[in-house]
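Here is a short report for a first look at this structure. Keep the sequence and the 3D view at hand while reading.

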Amino acid sequence: MQPTHMVSRPSERLGVLFPGMGAVATTTIAGVMLARRGLAPPVGSLTQLGSLRVDGSGAEVSVRDALALTPLDGLVFGGWDLFGDNAYEVAVHARVLEDKHLDIVRDELSQVRPMTAAFYPEYVRRLRGDHVKKASSKADMVEQLRADIRGFKRDNRCDRLVAVWCGSTEVYMEPAAVHATVEAFEAGLARSAAEISNSQLYAWACLREGVPFANGSPNLAADFPAATALAQRNGVPLAGKDFKTGQTLMKTILAPGFRARYLGVRGWFSTNILGNRDGEVLDDPDSFRAKEVSKLGVLESILRADLYPELYGQLSHKVRIDYYPPRGDAKEGWDSIDIFGWLGYPMQIKVNFLCRDSILAAPVVLDLALLLDASARAGMHGIQDWLGFYFKSPMTPAGRPPLHDLFAQAAALDTTLRRLAQEHRAAPDAAPAR
Ligand SMILES: NC(=O)c1ccc[n+]([C@@H]2O[C@H](COP(=O)([O-])OP(=O)(O)OC[C@H]3O[C@@H](n4cnc5c(N)ncnc54)[C@H](O)[C@@H]3O)[C@@H](O)[C@H]2O)c1
């Protein structure tokens with residue numbers, strides 16, 4: 001790690017850009033506006049509520065102070081969407097936050113207006129919007145996004161930027177030849193290759209502009225070798241993918257417990273209903289496939305059937321999501337878990353989680369924005385797998401298997417946070433790294 005610039009001067013402004021300004025992005029923005037005025041608590045956010053033991057004294061220091069994170073007052077929000085509504089209008093439509101909260105920040109929230117989107121509809125078939133860019137090629141589209149990024153930074157007098165993809169889930173894609181190298185990807189952009197989806201255009205524009213990028217959806221976005229290579233080359237940190245919030249969060253809390261007690265698991269059936277726009281997009285089987293792959297991966301790595309075939313070798317794991325409009329953002333998930341104990345006797349556990357999707361996602365978005373910024377200031381670049389704590393399908397450097405166990409992820413996160421905090425202590429006044 002290079003010398004650090006961990007000091008956040010009060011005048012510093014960090015621009016947080018959201019490709020996709022729907023329910024999650026606007027719940028995050030409104031929440032920060034409320035929290036910074038002390039009008040609502042930022043529950044679920046490690047960066048706002050967490051503490052660390054930085055030295056051997058046993059004293060706990062707040063994460064915010066230990067890493068000199070940008071204060072909430074220093075955050076400036078922007079983004080893109082294919083619908084032109086401002087953040088207040090989107091939040092009203094999303095029906096996540098109540099009027100008692102939205103009314104307080106209405107004026108401020110109304111000022112946050114999306115820039116026109118880079119949107120080719122074949123990657124998100126259930127959406128059509130008219131707030132979109134026209135471009136002669138995908139290379140031209142990336143250039144327009146780069147101009148937006150520079151314009152936003154200049155107009156809002158930001159010292160630094162970060163981006164968190166909060167756009168829709170795209171159709172399932174696997175990396176192709178065009179994703180192998182920076183040169184192949186650039187050539188693909190020039191010929192508008194079909195394998196390059198919208199989220200990849202935003203990720204590429206961010207990496208080109210040196211803007212740290214996190215991917216909250218299961219989309220490929222930046223999860224391919226060319227993007228990792230560009231991130232390394234341009235010194236940009238990257239993280240993804242797919243926020244770990246509701247059912248998968250519960251799964252990665254429970255499964256490590258069964259493993260730790262050597263209880264067998266024969267089956268895990270998970271089903272969800274949700275009625276927000278995310279649910280509508282996931283009603284397309286190809287978008288659902290992307291989500292399903294992301295959700296199915298977690299149990300194998302936690303339970304380790306390769307080590308314990310008699311306990312987990314027969315596991316049947318199914319995930320279902322159904323779009324059910326009456327529920328809006330209030331998702332309901334059911335897990336039916338078939339476990340077995342001493343002498344193989346079977347038992348069942350039922351989990352019924354009546355959650356609020358965007359309420360769970362917002363603190364994750366805030367933490368990712370602040371921690372990615374901290375890692376950029378510390379000169380870290382490429383895939384930040386210590387941020388896997390926040391994701392269903394953690395991106396890892398080639399050859400390193402992802403951790404899914406929430407407690408193992410929390411330990412990895414804590415280790416890196418402490419290292420960053422110790423570096424900051426050692427060199428609080430070091431020159432900016434970037
Ligand atoms: N809420 C959660 O708990 C959770 C958890 C994991 C992942 N996610 C993912 O986070 C993302 C956002 O979720 P949400 O509930 O806010 O969805 P949403 O549908 O409310 O918002 C997504 C927004 O992205 C916009 N969009 C789509 N393609 C775009 C493009 N190319 N450019 C600009 N805007 C674009 C849509 O118009 C929409 O406004 C989804 O991909 C979802 O799967 C959410």
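## Confidence

This is a predicted model. The mean pLDDT of the chain is 92. Of its residues, 96% reach 70 or more.

Two stretches call for caution. Over residues 1-8, pLDDT stays under 50.

## A four-stranded sheet

Which order do the strands take in the open sheet? The order is β10-β9-β11-β12, and the pairing is mixed. β10 (316-323) and β12 are the edge strands. Each of these pairs on one side only. Direction ignored, neighbouring strands of the sheet are turned by 10° against each other on average.

A helix also belongs to this picture. Helix α11 (residues 247-260) packs on the sheet. It touches β9, β11 and β12. The direction of α11 makes about 15° with that of β11.

## Strand pairs and a hairpin

Start with strand β9 (residues 264-274). It pairs with strand β11 (residues 332-340) in the antiparallel sense, over nine bridges. Ser 270 has Asp 335 of β11 as its bridge partner. Thr 271 stands opposite Trp 334 in β11. In a regular strand, side chains alternate between the two faces of the sheet.

β11 also pairs with strand β12 (residues 346-354). These two run antiparallel and are joined by nine bridges. Asp 338 stands opposite Gln 348 in β12. Together, β11 and β12 form a hairpin, with five residues between them. Leu 343 lies in the turn and has a positive phi of about 65°.

## Helices α8 and α10

At what angle do helix α8 (residues 182-190) and helix α10 (residues 225-234) pack? The angle is about 110°, and the axes are 8 Å apart. Angles of 65 to 115 degrees count as roughly perpendicular, so α8 is roughly perpendicular to α10. The crossing of α8 past α10 is left-handed.

From α8, the contact is made by Val 182, Ala 184 and Phe 185. From α10, it is made by Ala 226, Ala 229 and Leu 230. What kinds of residues make up the contact of α8 with α10? Six are nonpolar, none is polar and none is charged.

## Helices α7 and α9

Helix α7 (residues 138-155) packs with helix α9 (residues 198-208) at an angle of about 55°. Their axes are 9 Å apart. This angle makes α7 oblique to α9. α7 passes α9 in a right-handed crossing.

Which residues of α7 and α9 meet? On the α7 side they are Lys 138, Met 141, Val 142, Leu 145, Arg 146 and Ile 149. On the α9 side they are Leu 201, Tyr 202, Trp 204, Ala 205, Cys 206 and Arg 208. The residues of this contact divide into nine nonpolar, no polar and three charged.

Note on methods:
Residues are numbered from 1 along each chain as its sequence is written. This is a predicted model: local features need pLDDT of at least 70, side-chain atom pairs count only at pLDDT 80 or more; totals for chains, interfaces and linings use all residues. Axes are lines fitted to C-alpha atoms, for helices over the stretch in contact, and angles run from 0 to 180 degrees between N-to-C directions. Angles under 35 degrees count as roughly parallel, over 145 as roughly antiparallel, 65 to 115 as roughly perpendicular and the rest as oblique. A crossing is left-handed if the near helix is turned anticlockwise from the far one by less than a right angle, and right-handed if clockwise. Two residues are in contact if their C-beta atoms, placed from the backbone, lie within 7 Å. Ala, Val, Leu, Ile, Met, Phe, Trp, Tyr, Cys and Pro count as nonpolar, Asp, Glu, Lys and Arg as charged, and the others, Gly among them, as polar. pLDDT is the predictor's confidence in each residue, from 0 to 100. Two strands pair if DSSP finds at least two bridges between them.
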